[in-house]
Amino acid sequence: MKSVLIQLDERTLKALNRVAPAAQRKRAEFVRAAIRKAIRETEEERTRNAYLASPDLDVSADDWSNAEKWKP
């Protein structure tokens, strides 16, 4: 695993230490999870914007009227 050095202002650091204390080794996992969440949300927003910029045409949409009934 690679290390990344970041700088936080005092207010943000205090808030981080309240929710994920460094002494309990929770801070690093909290930061990793927050970064993964931000990346996922950014990618989803890009995908959403791409679909909004170029939506499917009604004529090319899937036609499910003739689909077989699912049998468990």
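**Pocket and helices**

Biologist: Which element gives the largest share of the lining of the largest pocket?
Modeller: This is a predicted model, where local features need pLDDT of at least 70, side-chain atom pairs count only at pLDDT 80 or more, and totals for chains, interfaces and linings use all residues. Residues are numbered from 1 along each chain as its sequence is written, and side-chain values use heavy atoms, without hydrogens or water. Two helices (DSSP runs of H or I, at least four residues) give two or more residues to this lining, α1 (10-19) and α2 (27-53). The largest share, five residues, comes from α2.

Biologist: How many residues line the largest pocket?
Modeller: Lining residues have an atom within 4 Å of a pocket point (1 Å grid, 1.4 Å probe, open, protein on both sides within 12 Å along at least five of seven lines). Val-4, Arg-27, Ala-28, Val-31 and Arg-32 lie nearest the centre of the largest pocket, whose lining residues number 17.

Biologist: At what angle do α1 and α2 pack?
Modeller: Their axes, lines fitted to C-alpha atoms over the stretch in contact, are 9 Å apart. The helices are therefore roughly perpendicular to each other, a class covering 65 to 115 degrees. The angle, on a scale from 0 to 180 degrees between N-to-C directions, is about 105 degrees.

Biologist: Is Arg-25 buried or exposed?
Modeller: Arg-25 is found in the loop between α1 and α2, and has a positive phi of about 60 degrees although it is not a glycine. With a relative accessible area of 74%, against a cut-off of over 50% (1.4 Å probe, protein chains only), Arg-25 is exposed.

Technical notes
Parallel < 35°, antiparallel > 145°, perpendicular 65-115°, else oblique. Buried < 20%, exposed > 50% of the residue type's maximum accessible area, 1.4 Å probe, protein only.
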